[in-house]
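Visitor: I'd like a close look at one part of this model, the aromatic rings. Could you walk me through them?

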Amino acid sequence: MEIILPSFAERLKPLRKSKKMTQLGMAELLGCTDRHYQKIEYGQINVPATTVIFLADYFGVTADYLLGRE
């Protein structure tokens, strides 16, 4: 599957850093490996809608913002 949401990856890192979270901490929060989370943050894999919603709630932003649909 082609990565079609580059803005998601671009917005995730600054949001993570604003919470002072490490990639390992985010991986634990999402219940995945740190390598899997890194792939999410670098835009190498797409994520399920449920993960987008969870992250939007966690960071206090909209799913549209995460997806670059402002």
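Visitor: How many aromatic pairs does the structure hold?

Guide: The structure holds two aromatic pairs, where rings of Phe, Tyr and Trp (its six-membered ring) pair if their centres lie within 6.5 Å, with planes under 30 degrees apart called stacked, over 60 edge-to-face and the rest tilted. Phe-54 and Tyr-58 make a stacked pair, 6.4 Å centre to centre with 10 degrees between the planes. Bear in mind that this is a predicted model: local features need pLDDT of at least 70, side-chain atom pairs count only at pLDDT 80 or more, and totals for chains, interfaces and linings use all residues. Residues are numbered from 1 along each chain as its sequence is written, and side-chain values use heavy atoms, leaving out hydrogens and water.

Both Phe-54 and Tyr-58 belong to helix α4 (residues 49-59), four residues apart, or about one turn of the helix; helices here are DSSP runs (H or I, at least four residues), numbered from the N terminus. Tyr-58 also pairs with Phe-59, this time edge-to-face, at 5.0 Å centre to centre and 75 degrees between the planes. So ring pairs link Phe-54, Tyr-58 and Phe-59 into a cluster.

How covered are these rings? Phe-59 counts as buried because its relative accessibility is 10%, while Phe-54, at 35%, is partly exposed, as is Tyr-58 at 25%. Buried means under 20% relative accessible area, exposed over 50%, and partly exposed in between (1.4 Å probe, protein chains only).

Arg-11 lies over the face of Tyr-65, at 4.3 Å from the ring centre.

Note on methods:
Helix = DSSP H or I, 4+ residues; strand = E, 2+ residues; numbered from the N terminus. Lys NZ or Arg CZ within 6 Å of the ring centre and 35° of its normal.
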